[in-house]
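Here's a quick walk through a model, written for someone who likes to know the cut-offs behind the words. Have the viewer open as you read.

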2 protein chains.
Amino acid sequence: MPELRLLPEDICVDAAEGSTFSEAAAKAGIHLAHPCGGRGVCGRCSVFVNGRPVPACKTPASGGSVYIPDAVRLASKAILTDIKTYDPERNRQPRVERVTVTLNPPALSDPASDAECLCAALSERYGVKARIEASCLPDLPGSLREDNFRISPVIIHEDDGVTVLSFARGPLYGVAADVGTTTVVTALCDLGTGHVLDTFAQPNPQAEFGTDIISRIVYAEETPSGIKTLKEAILNTLSDGIRILSERAGIKPESIPVMTVAGNTVMSHFLLGIPADYLRREPYVPAARKYPEMRPAELGLPLMPWGRLKILPSVASYVGGDIAAGVIALDLADKDGVNIFVDVGTNGEMVLSGPGFMVACSCSVGPAFEGSGISCGSRAVRGAVDNVYCRDGRLFYGTIGGPEAKPGSVCGSGLVSLLSALLRKGVIDRSGRFTTPEDYFTIAPRVTLAQTDVANLIRAKAAIYAGMSVLVKQLDMTPFDIDRVYVAGSFGSGIDVGQAIDIGMFPPLPNDKFRYAGNTSLAGALRVLCDRAANAEEAAASITNIELSVGNEFMEEFTKACFLPHTEWNSFGFLASKAS
Amino acid sequence: MPELRLLPEDICVDAAEGSTFSEAAAKAGIHLAHPCGGRGVCGRCSVFVNGRPVPACKTPASGGSVYIPDAVRLASKAILTDIKTYDPERNRQPRVERVTVTLNPPALSDPASDAECLCAALSERYGVKARIEASCLPDLPGSLREDNFRISPVIIHEDDGVTVLSFARGPLYGVAADVGTTTVVTALCDLGTGHVLDTFAQPNPQAEFGTDIISRIVYAEETPSGIKTLKEAILNTLSDGIRILSERAGIKPESIPVMTVAGNTVMSHFLLGIPADYLRREPYVPAARKYPEMRPAELGLPLMPWGRLKILPSVASYVGGDIAAGVIALDLADKDGVNIFVDVGTNGEMVLSGPGFMVACSCSVGPAFEGSGISCGSRAVRGAVDNVYCRDGRLFYGTIGGPEAKPGSVCGSGLVSLLSALLRKGVIDRSGRFTTPEDYFTIAPRVTLAQTDVANLIRAKAAIYAGMSVLVKQLDMTPFDIDRVYVAGSFGSGIDVGQAIDIGMFPPLPNDKFRYAGNTSLAGALRVLCDRAANAEEAAASITNIELSVGNEFMEEFTKACFLPHTEWNSFGFLASKAS
């Protein structure tokens, strides 16, 4: 493979045949933003080869060197490898483990086969039915006799018993994956200790066929073998992730017996090649919410072919396995008090939990906070303004990459921050209108927020607040009854809660009631991978989904929230005391 | 592919690259005998290309024409496609079927997925748990909405519920296979009616690595990746059988959702790539007796990849799934009276059944009745003497192929017949010694039975009788308590029962107590394929295996049986009245 030198870092990577500059750079952990979804049309991922710009998302990487400017790089905080909610200490009962049993040597008087003797010993040990995968039967007779009928099989605990997966020795590893609409993160985990050894983030290549899930569903519907294309794209990415993690750890991917995957309902459908046409049409019915436990070979993943692959179950069409994973990662069902878990992307998914109940909903937020549809917006690339504050009537800006990075755009968290600062400074009023002669605001040359941008941002934040309002109202509560707000996802991790409250995205609770939760989807997938006490099906089944398109409640709440911060908050005595 | 013309039939077949003349001829249903197991060393499968003899088992078939002499052809009766014991009318509960259910269209008020609705309907219908294979989920949403939520899935009844395998339309076919040590027979069956549409017989290509199971076990033990070679050989043969049956029926093999395989324990082990080393060593323990239900994809068989593949369970190391299949084919457990089922090959396997009991054993018969180790012996090829009788002191011969076929050898049934005739004529005495001045007997030029041949044949028939003796003694019975003897296998179908009794191979019961049963292994595999009421695991578990190497009983019975017909039969007043 030709060697490609990445500049200015001066890192060398192998450029596999047919891989793009974006893919080659990803191998070194340098992730590029693809605003147009990798179609090569926006020119905003341009890298320089011999001094000439080429779109990194489309141009095949040759050997030689490439210069990758800051402005096209995703900042590391946009990469969802933060799994702070995953704590190996919480794993109670290993799902996959190696167990040593000693069998009675066979005798002429007892005609039982090797497999029967082993299964009987395992049944006795665990008090459940025991089985052996056909694929590991060839290794059984030899392994049994190597140490005089003392044997240490790798077993997995399943719903209806234990199953022997292999007789291999050495440490046991598993892979968990978070398949996001934009980013795919895989993690390699030591199943013995539960510790995560390594994670790897890649852009979801399906973005080429639509940046959001609805446009991908439409692509799959309208394009011959479109669903196949989407399936293969994500499978190739997962396969790459598995291979790279294995290579780095010095293990063989075929030795990995188990993998879990958490993704939203559409990502899970596409992973299995299931059309998602009816998810976007009333009554919004998925083909499946629970996914059968499968063998990695069924999808051609480069793991132990007849091991196990588990896709975490969905709650509803727009409350997916990533949310079920989050509920598990946060132990939401077992938490005291009233808690809400919020994951904000182009959809805002949230789960409200309290004693004996969990209700969830999903609302369309739109791509504003991902930097799309906002004239100065971008993802969290170097040079993006991610922080604005107003002190003594003056605005100050923070930029990804520090003071030496020239502001070139504003990322999602920066937009929340900017809106708050403009409101506090009085540049916009509570209805979002500019109070200045110009109906726009200029942050830096060519970085301008227009009146339509403000309107888009208000609609986006209003959707999030309205979703939360509907959930608490379901249980005759107000937002003030919430004890804890868990904010997940890369956008959530970037925002300043105080500023988010300023603009009415979140309810006006004390700052210490908010927790950044990181990638709860991956953290939950890891829990399910390691701990059989983490029952994703049970978690998903215990959540009641509130379909916001039924009735007018959401629209009423949304309308009330289309104000800065909210039409009703003055009655709580809020903001008046805070607004400067 | 080059076209090969088979003479004298003048049939054309495609000769696939690398296929031998034997393989090409098999495509036209012309099966050749390979006395040396296809190693190309005996020259007894010579065919003629441009007038020059070449070994058909080893020579790659080119285009042009080949003359196949009668003497190398297996007679059709040696091909085990006789499934007279399989009667579709006896199928009670289809294992795989298409069922039509009508679901309530989804509504906003009910968030259940398509899969949940279908499973609920199937669960209600059958009163068991219902599942859907992941591989057919992609077809579910579309199929459901084609006919307004009326859907007709293909389901399989499994131990713990029903599983949806596909939503395909059209007739449903299944494949059953009998994997014999020498011959592999596949059958295509209409799962709706249970009728067999077509069968296809092929030589077992593992013969190249050993004609009997012990030599194949040794080959697998001693040859690097020997077990892999054996596994691939049988899988290729089964795949060819499936493809050829599908092609003839005009269906796609990938549309076939289910297959059953019956074979002896060693064949079943090799099919899964399991070493059989410990089967041939005391205490003769198999790696497994029950085989996990698998997906055809696990073995790479060209069926519906995520359908079902069932290997019938064994009773013991030398009483395999073929015998369990025979017990099912004969409904042995439910038959009135005392019945014995005997399958004679290089091993003699037999099951004695009566009210509330089934006991089985296996004894080593050796290859004498397969024509091996006997100077004039052969398999049932054209020109082989298959029938000898003594009338008025003169011997008359019947030859496979009729009077115009010149006698060139004696096949298994012919050897039984010859021994009986020589005994009746007084050419040999009751101890098997020649009473003539020459210690051999000449049937035709170069077709001679020697003293050592007679001794070999007596040992072979004595083993069969001794096995039966041990079984009846287990239950304090004598052979005269047997109500019915079912003789299975090609050798069994060829022999004359009266003559077999003459030499003491079978007990002296009236002729009408004997039944030729044909290929009970295939018949049983077909029952299990079609009828879920045919429970092979239950059948196998209800059979008690008697290990003949434990104790002296078998050797005592064997010694007593090494006489023509038997040392003890005079006390029954037998033979004296029959011998002429």
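First, the ground rules. This is a predicted model, where local features need pLDDT of at least 70 and side-chain atom pairs count only at pLDDT 80 or more, while totals for chains, interfaces and linings use all residues. Residues are numbered from 1 along each chain as its sequence is written, chains are lettered from A and ligands numbered from 1 in the order in which they are written, and side-chain values use heavy atoms, with hydrogens and water left out.

**Where the chains meet**

On the interface, 40 residues of chain B are in contact with 40 residues of chain A; contact here means heavy atoms within 4.5 Å. The size of an interface is often given as the accessible area lost when the parts come together. For chain B and chain A, that buried area is about 3400 Å², with 68% of it on carbon and sulfur atoms (accessible area lost on being put together, 1.4 Å probe, summed over both parts).

The rule finds two salt bridges across this interface, a salt bridge being a side-chain nitrogen of Lys or Arg within 4 Å of a carboxyl oxygen of Asp or Glu. B:E116 and A:R289 meet in a salt bridge through their side chains, at 2.7 Å from N to O. The elements of chain B that give two or more residues to the side touching chain A are α2 (114–126), α3 (140–146) and α7 (296–299). Helices and strands are DSSP runs numbered from the N terminus: H or I over at least four residues for helices, E over at least two for strands. By class, that side of chain B has 27 nonpolar, four polar and nine charged residues. The nonpolar class is Ala, Val, Leu, Ile, Met, Phe, Trp, Tyr, Cys and Pro, the charged one is Asp, Glu, Lys and Arg, and the others, Gly among them, count as polar.

Chain B has an open sheet of three strands in the order β21-β20-β22, with mixed pairing; two strands pair if DSSP finds at least two bridges between them. Its edge strands, β21 (394–399) and β22 (409–410), each pair on one side only. Strand β20 (residues 384–391) of chain B runs parallel to β22(B) over two bridges, and B:V385 has B:V410 as its bridge partner there. Helix α9 (residues 412–425) of chain B packs on the sheet, touching β20, β21 and β22, and its direction makes about 20° with that of β20(B). Such angles run from 0 to 180 degrees between N-to-C directions, with axes fitted to C-alpha atoms, for helices over the stretch in contact.

Over in chain A, β23 (residues 440–444) and β24 (residues 447–450) pair in the antiparallel sense over four bridges. A:Y440 stands opposite A:A450.

**Backbone details**

| Site | Feature | Value |
|---|---|---|
| B:E282 to B:P283 | cis peptide bond | omega near 5° |
| B:L564 to B:P565 | cis peptide bond | omega near -5° |
| A:S225 | positive phi | near 50° |

B:P283 lies in the loop between α6 (265–271) and α7 of chain B, whereas B:P565 is in the segment after α15 (553–561) of chain B. A:S225 is in the loop between α4 (213–222) and α5 (226–249) of chain A.

**Salt bridges overall**

How many salt bridges does the structure hold over all chains? There are 48. One pair is A:R308 and A:E158, with the closest N and O atoms 2.7 Å apart. This pair links distant parts of the chain, 150 residues apart: A:R308 is in strand β16 (residues 308–311) and A:E158 in strand β10 (residues 154–158), both of chain A.

How values were computed. Buried area = accessible area lost by both parts, 1.4 Å probe.
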